[in-house]
Structures are given as structure tokens and as C-alpha cells.
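Work through the exercises below with the structure in view. Each task is followed by a solution in steps.

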Amino acid sequence: MLRGKPFYPTNEFILFPDDVAVITQLSMDNRRIFHIAEHELFECVLAFVDDPSKPISADELPIVGSLLRIIKIEKNKDQTNKYTVRCVKRILINEISHDPESKINRVMIADAKEVPFPTIGSALFEAQGKMRLIRQLGRQLFDAIPSPTAKEMIRILERDNAEAGSICDKLLRTIDIMPKERAEGFKILNISQRIDFTLGVLTEQLKGVKIMSEIAQKVRSEMEKQQRDYFLRQQIKAIKEQLGESTEPQADTDDLKKQLDELQASEEVKAECQKEYNRLLQMAPSSSEYNVARNHLEVLLDMPWQIYTEDNHDIMRARTILDEDHFGLKDVKQRLLEFLAVRALKPDLKAPIICLYGPPGVGKTSLGKSVARALDRKFHRLSLGGVHDESEIRGHRRTYVGSMPGRIIQALRRVKTMNPVIMLDEIDKLASDVHGDPSSALLEVLDPEQNASFCDNYIELPVDLSQVLFITTANSLDTIKPALRDRMEIIEIPGYTSIDKHHIAVDHLIPKLLAEHGILPTQLAFKPEALDKLIAQYTHEAGVRQLEQRLSAVMRKVATSIAEAKSLKKRVSKTTLCPKHVETYLGKPRYNHEHAQKYPLSGVSTGLAWTSAGGEILIIETTMVPGKGHIVITGNLGDVMKESISTVMTVIKSRAPKFNIPKETFEQNDIHVHFPAAATPKDGPSAGTAIFCALLSLLTNKIVPASLAMTGELSLRGRVLPIGGLREKILGAHRAGIKTVLFPKENLRDLDDLPEEVKPDLTFHPVETIDEVLKLVFNAPQLNASQKATKTNARSKTSKTTIES
């Protein structure tokens with residue numbers, strides 16, 4: 001015998017652990033299980049029969065039970081079984097006896113028969129009326145007790161085709177009643193009696209719900225009365241203060257009153273602050289509005305409304321600071337000095353917004369800090385990368401929970417002045433979504449004609465930003481909206497050359513890192529060759545961030561050896577980093593640059609390429625195989641570069657008779673053009689002249705000198721058009737060992753940007769047409785003689801650039 005409650009049809013349950021032995025025995029014998037609702041004890045008997053279809057004797061009074069079926073068997077953590085059982089239908093058990101074959105005493109044999117499912121006949125109008133009342137009362141009950149089960153029961157009650165017996169069973173199974181009542185309802189087989197019993201249960205349940213509703217209403221009324229009394233007391237307190245009966249100010253507003261008295265601001269701002277302060281005094285400190293009003297007043301009082309720092313207009317001092325903080329960048333520093341000079345002559349000038357544009361790591365942010373130091377102004381940096389909410393700029397409305405002013409107002413509060421230098425970093429990485437477009441909000445901030453009355457949504461007062469010096473930075477101009485870009489003056493910062501990086505490392509990075517790592521200058525030194533190797537083979541960037549990281553890695557290892565020597569009480573010797581020691585400290589080289597070819601070959605030429613990390617030489621290889629006149633292009637090329645190859649082929653075919661190239665050469669052969677380093681994407685039109693020379697070398701079996709490199713876009717008429725990035729390209733050629741460079745004549749002015757120490761090592765040939773290129777490239781004796789003369793001239797006058805035309 002097992003204690004439990006009766007199980008209605010479709011009911012599911014999990015068997016208790018102490019029943020597992022019984023069920024295991026039953027499962028082994030493949031028999032069905034029965035559950036019996038047993039009088040007042042409410043005990044259940046688990047039994048089985050081999051063949052329920054056999055005649056059943058009626059020696060004893062029948063007992064109502066449930067036919068159960070195992071639907072799922074799962075493993076517990078202790079490797080025992082857990083059984084999920086479902087009630088299939090009611091049964092009537094007439095005889096129960098112990099199973100002589102079972103080893104478990106609780107297993108009994110029961111003779112049973114199925115109880116037919118009760119239905120209401122069409123003549124039982126009274127029972128049908130009671131069922132309508134049951135449906136109505138059931139809906140009222142479950143409406144008063146909202147839950148997922150209640151919603152499901154309401155849907156069942158609203159079905160017209162639901163059987164009366166099924167509805168009564170589900171109601172008695174779902175409603176929270178005593179187990180005795182549930183068992184009593186389970187044993188009623190007559191449908192009319194079951195309807196009456198269910199109707200009585202529903203009526204009693206609704207009475208209980210009504211009583212609970214009355215109690216809840218009474219409690220709610222008491223709480224409303226307490227709240228009403230509290231607000232009345234607060235009003236009485238405010239009236240007494242107005243009458244002068246209580247003139248003592250609140251303790252938590254004393255500091256606000258002091259700030260208000262000392263506030264330096266316009267009359268409009270003072271009036272608004274006084275208004276907010278008076279409003280705050282009328283509020284209860286425990287109210288939610290009190291904290292909102294207090295936070296707003298604190299922001300207003302914390303603003304430096306009329307506080308300005310005095311600018312330092314010493315231009316020579318500014319030049320010295322810029323030269324101390326940054327190497328090179330001559331044009332950039334000159335433009336910043338011009339900007340500072342104009343402000344010195346006319347302080348009230350509506351200055352333009354400066355945008356420092358260049359690759360990462362070239363010193364854009366540090367330039368802003370240098371400008372602030374030169375002017376003796378406070379500096380604040382705002383990172384705009386990933387900002388996608390307009391409220392980050394304009395602030396939030398005070399009606400929102402957790403509202404706050406925008407980043408511009410917060411910056412002014414931090415620096416405590418109205419004329420700082422604010423750097424808007426990574427302005428090209430602004431985003432936009434459903435919360436608005438921050439770029440649109442910046443239009444007002446960065447417009448000198450509008451920012452004198454900038455209005456933040458949080459403080460709701462005009463703020464004068466005309467004296468703020470805004471400097472923005474960007475890595476790319478393509479992602480900046482045209483309207484925003486139009487408000488800024490773009491100053492491009494080029495990438496550093498290897499020579500620049502060497503000077504930056506010696507003058508800035510190494511002294512700074514020595515101090516940061518606690519190493520004395522007498523304990524570590526870098527040979528120039530080692531530093532050049534570190535720059536060339538362990539960094540690949542336009543800036544100097546990787547260089548700083550590699551130098552830090554070297555110094556960490558040196559610091560470790562110094563600390564170990566001190567712990568062993570040994571003498572600390574000076575470490576001098578030589579080229580052969582670089583791999584000891586930094587491992588194998590990470591980057592390899594292309595070098596000029598040692599042995600020139602037919603069909604090969606050298607072009608020049610610009611990358612974000614500087615210039616490189618570009619080897620172009622061509623070959624020809626029997627075929628049908630196809631052109632094969634490989635090397636991960638972009639569309640512009642593929643079009644350049646098509647243009648070059650057209651120019652060569654149009655001039656084929658001049659070069660004594662038979663027409664059949666193009667018809668009976670396939671030409672393959674390849675650019676090595678195929679994993680690196682390549683694009684742009686500047687390799688046109690180099691591609692032309694490589695193909696012409698292939699078709700005429702003439703060799704392009706290995707020490708010569710060229711750049712320039714080629715037109716269909718044979719003109720060599722100007723290109724960009726010539727400075728970086730020539731520096732890349734110099735690093736690769738190139739001796740002669742051909743470039744468009746219209747780029748001649750770009751040679752002024754080259755470092756003086758590079759010019760004597762190279763010979764430059766500005767060209768206008770492809771005929772000039774051919775004369776220089778394929779007239780090898782003249783070219784070699786020209787190179788010798790140029791080198792001799794360079795040794796005698798190293799300060800001059802050798803240009804042959």
C-alpha cells in the first residue's frame with residue numbers, strides 16, 4: 001500500500017523513490033499498473049493483471065481506481081530509475097489479493113474492469129443547465145486567479161464540444177481543494193452526481209476568492225490612507241516654512257545654497273538655478289523627484305560658466321614645444337603654428353575646427369596635447385569610437401531614469417574652464433542607430449557660427465562653446481559625413497619613414513622607456529644598425545606603436561637580467577644591443593621587405609607601391625605560353641589594377657609594328673601577368689608604366705635593369721599621369737636597394753618632401769610619355785653611364801638631388 005492522492009485521467013506524475021522496487025518488478029513482468037483511491041486513508045495500491053479482458057468476479061465491493069501506464073524512464077544521478085506515469089482511464093477493481101510470485105510484498109493482484117466515459121444525454125436538460133453554470137463559475141474563478149494554468153482552463157471551459165465528465169475531472173484536478181474532496185470527486189461515477197459535486201466545489205471556492213478580494217481591498221485602502229496622510233504632513237510643513245514658523249534650512253541643501261551664492265554666471269543662469277533651488281526646498285527628500293531635481297541643480301552649479309584660463313601667445317615657445325614633443329611633421333607643425341599665431345593677433349576670431357587625419361600611431365592625439373600645453377590650456381580627450389547615441393553628445397532629457405548631460409558638458413565640468421582644448425578622437429568611427437545620429441549632433445558643436453549657444457538636453461540652458469578649441473582626429477575621411485567634414489579643416493599627417501622612426505626612437509621612445517623600466521642610460525645602449533634592423537624586420541606600420549612595443553620587450557629582458565644580477569650581488573654591466581643580438585631578445589624577424597633583384601630577367605620589372613605602413617617595391621612577372629590570345633592575371637588584384645593591365649595591352653598592341661612584334665604573337669599565345677605576394681591585396685593605377693615595361697620586355701626579349709624602379713599611370717595615348725604617395729614609394733625603393741627611379745613629371749614637386757640623406761643615393765628621372773620611359777629603360781649602356789655620372793656628382797654635392805631629364 002502506497003500513500004498518495006487519486007489520479008484523474010490524463011494526469012501525469014513521477015514515481016517516488018521508494019516505489020522503484022515495485023515498478024522494477026512490474027516492468028520486468030510487462031504488466032500494467034493500477035492506482036486505487038482507498039477510502040479515508042487515501043492510500044494507493046499498485047497492482048496488475050495479465051489479461052484484463054477475462055471475466056471478473058464480484059465477491060467484494062468494487063473500488064474505483066486508475067489505469068496507469070509508464071510513458072518515460074530516466075536515470076537519476078545515483079543510477080536509479082525515475083518513472084513518469086500517465087493515468088489512462090478510470091477502472092473498477094472488484095478483487096485484490098497478494099501476488100504469490102512477487103518478491104515484493106507491496107505487489108498485489110487485482111481483477112478490474114474499465115469504467116465507461118460518462119456523457120450527458122440529450123434529455124438531461126437539467127444537467128446541461130448546470131454545466132453552463134459550471135462554465136460560468138469556472139471562468140469567474142480563474143479570472144480572479146491569473147496564471148498560465150488558469151488561462152488554459154478558461155480556454156477549455158469556452159470549448160462547446162468539451163465533454164461534461166472531462167470538464168469536471170479537469171476542474172477537480174486543477175482547483176486547490178483538500179485531498180479528501182479530490183478523492184471523493186474521483187470516486188463519483190454518475191455524471192449527474194459528479195456535476196453537482198463540482199458545482200458545489202466551485203461555489204465554495206468563489207466564496208473564498210470573494211473574501212480574499214475584500215481583505216486585499218481593505219489593505220489597499222489602509223495603504224492609500226497612509227500615503228495621503230504623509231503628503232498632507234509634507235504640505236503642512238511647507239506651509240509652516242512659508243509662514244516663517246520654521247526658517248531653519250534643510251541640512252542637505254546647505255552646500256547647494258553656498259554654491260548658489262558664489263556662482264559666477266549670467267543673470268539668466270542664476271535665475272534658473274535659484275528657481276530650481278526654491279523648487280527643491282518644496283520637495284520631500286524621500287520623493288523620487290527630489291533626487292532628479294537635486295542632480296540637475298548640482299550640474300548647473302558645477303558648470304564653469306564664466307571661468308576662463310589665460311592663453312599664452314608666445315609663438316616661439318609653441319614652436320619649441322612642438323619640436324620637443326614630435327620629430328618631423330614639418331608641414332603639420334607649421335600649420336598649427338599659423339593657427340596659433342592668428343589667435344594671438346585676434347583672440348575673438350571664430351577659429352576653424354582642425355581635423356588631424358592620418359594612420360594610427362603617428363601622434364595625432366599627442367599633437368593635441370602639445371597645442372594645449374603651448375596655449376597653457378586644460379586638455380580633455382573624448383573618444384568617439386563606437387558612439388551611436390545622439391544623447392551622448394546632446395545629453396538626455398530629465399524625464400528619463402538615470403539621465404545625465406552629454407559628453408561635452410561633462411568635459412567642461414571636469415576641466416573647470418570654458419576654454420579648454422577638447423580632442424574628439426576617432427571621429428571617423430561614429431555610428432548611428434535608432435537612438436539617433438551623433439554626427440548630426442556634432443554639426444552644432446563644431447560649427448563656429450552656432451556653438452556660441454549650444455543647448456544640452458539635460459541642463460536646458462545655452463552654453464557658449466565658441467572659446468573651446470576643438471581638435472578632431474581620424475584614420476579615414478571616407479566614413480565622415482560630408483556635412484561634418486565640411487566644417488573641419490583637414491590637416492594630413494603622413495606616416496613616418498624608417499629614418500623618422502630611427503630619430504623618434506633615439507630622441508623620444510628610448511629615453512621614455514628607460515625611465516619607465518627603471519633602467520639607467522649607462523646600463524643599456526642601442527647600436528644604430530640594431531635599431532634599423534628592429535625597425536625594418538620587427539615593425540610594419542606607419543606610426544611608432546609597434547616600435548614602442550618591441551623596444552619595451554627588449555627593455556623588459558634587460559631589466560630581468562639587471563634584477564637577477566643584483567639579487568646575486570653581481571656587478572651590473574652595460575648591455576649594448578648589436579644587430580646579431582636582436583633575434584636573441586625578439587625572436588625571428590616578423591616582416592621581410594622586398595629587395596631589388598640581383599639578376600635581371602626578361603619579362604620582369606620593378607614597380608613601386610604605397611601601403612599604410614610605408615612604401616614597397618612591387619615585382620611584376622610576365623610569361624607567355626602557346627594558346628589562343630588570352631590574358632591571365634593573378635596576384636589578388638583589384639578592379640582598377642586589372643583595368644590598368646587592359647590599358648597597357650591596348651597600348652602595346654597599337655604600337656606592335658614599331659616594336660617589331662608580329663600580330664601572330666598575340667593571337668597564338670596566352671600571356672600571364674603575376675604579382676608575387678598573392679595573399680596581399682593590390683589595387684591602383686600607378687603600376688601602369690611598370691606593367692608596360694614588363695610586357696614589352698617579355699615580347700621583345702629585352703631586359704629591364706634590376707636596379708631601376710618606376711611608377712606612374714599610363715593612358716591610352718601613352719602619357720604618364722601623376723600618382724600619389726611618391727615620398728613613401730621612393731623611401732621604399734631606397735630601402736630595397738633601388739638606384740634609379742622613374743616617376744611622372746607632374747610629381748616633381750613631391751621630391752621636396754624627401755629626407756636630405758636619401759637624395760644622394762638615388763637618381764631620379766621625371767617622365768611625361770611612355771617613349772621617354774622606353775628610352776631610359778631599354779637603353780642600358782646610356783642608363784649605366786648616366787648612373788655613374790650621377791653617383792660621382794652626388795659624392796661631390798651631397799646636398800643636391802640628382803635629376804636627369
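This is a predicted model: local features need pLDDT of at least 70, side-chain atom pairs count only at pLDDT 80 or more; totals for chains, interfaces and linings use all residues.

**Exercise 1. The nonpolar cores**

Task: Find which residues of the largest nonpolar core touch the most other members.

Solution. Start with the core itself: it holds 50 residues, and Phe526 and Leu551 touch the most other members. Next, look for the element that supplies the largest share; this is helix H19 (residues 545-567), with 7 residues. Then take Leu551 and list its contacts, leaving out residues up to four places away in sequence: Ala505, Leu509, Ile510, Leu513, Phe526, Leu531 and Leu534.

**Exercise 2. An open sheet**

Task: Give the strand order of the open sheet of 5 strands, and state which strands stand at its edges.

Solution. Read the order across the sheet: E10-E11-E14-E9-E15, with parallel pairing. The ends of this order are the edges: strand E10 (379-383) and strand E15 (488-492) each have a single partner strand, so one side of each is left without a neighbour in the sheet. On average, neighbouring strands are turned by 25° against each other, direction ignored.

Strand E11 (residues 421-425) runs parallel to E10 and is joined to it by 5 bridges. Helix H14 (residues 407-415) lies across E10, E11 and strand E14 (469-474), and runs at about 155° to E10.

**Exercise 3. Two helix pairs**

Task: Describe how H10 packs against H12, and how H18 packs against H20.

Solution. Two quantities are needed, since packed helices are described by the angle between their axes and the distance between the axes.

For the pair of helix H10 (residues 315-325) and helix H12 (residues 364-375), the axes come within 9 Å and cross at roughly 150°. An angle over 145 degrees counts as roughly antiparallel, which makes H10 roughly antiparallel to H12. The crossing of H10 and H12 is right-handed. On the H10 side the contact is made by Arg317, Ala318, Ile321, Leu322, Glu324 and Asp325, and on the H12 side by Leu367, Ser370, Arg373 and Ala374.

For the pair of helix H18 (residues 528-538) and helix H20 (residues 579-586), the axes come within 8 Å and cross at roughly 50°. H18 and H20 are therefore oblique to each other. The crossing of H18 and H20 is right-handed. H18 contributes Glu529, Ala530, Lys533, Leu534 and Tyr538 to the contact, and H20 contributes Pro579, Val582, Glu583 and Leu586.

**Exercise 4. Positive phi in loops**

Task: Decide whether Lys569 is buried or exposed, and do likewise for Asn660.

Solution. Place Lys569 in the chain: it lies in the loop between H19 and strand E17 (575-577). Its phi is near 60°, a positive value in a residue other than glycine. Exposed means over 50% relative accessible area, so Lys569, at 79%, counts as exposed.

Asn660 lies in the loop between helix H21 (639-654) and helix H22 (663-667). Phi of Asn660 is near 60°, again positive in a residue other than glycine. At 69% relative accessibility, Asn660 counts as exposed.

Note on methods:
Residues are numbered from 1 along each chain as its sequence is written. Side-chain values use heavy atoms; hydrogens and water are left out. Two strands pair if DSSP finds at least two bridges between them. Helices (H or I, at least four residues) and strands (E, at least two) are DSSP runs, numbered from the N terminus. Axes are lines fitted to C-alpha atoms, for helices over the stretch in contact, and angles run from 0 to 180 degrees between N-to-C directions. Contact means heavy atoms within 4.5 Å. A nonpolar core is a set of buried Ala, Val, Leu, Ile, Met, Phe, Trp, Tyr and Cys residues joined through side-chain atoms within 4.5 Å. Buried means under 20% relative accessible area, exposed over 50%, partly exposed in between (1.4 Å probe, protein chains only). Angles under 35 degrees count as roughly parallel, over 145 as roughly antiparallel, 65 to 115 as roughly perpendicular and the rest as oblique. A crossing is left-handed if the near helix is turned anticlockwise from the far one by less than a right angle, and right-handed if clockwise.
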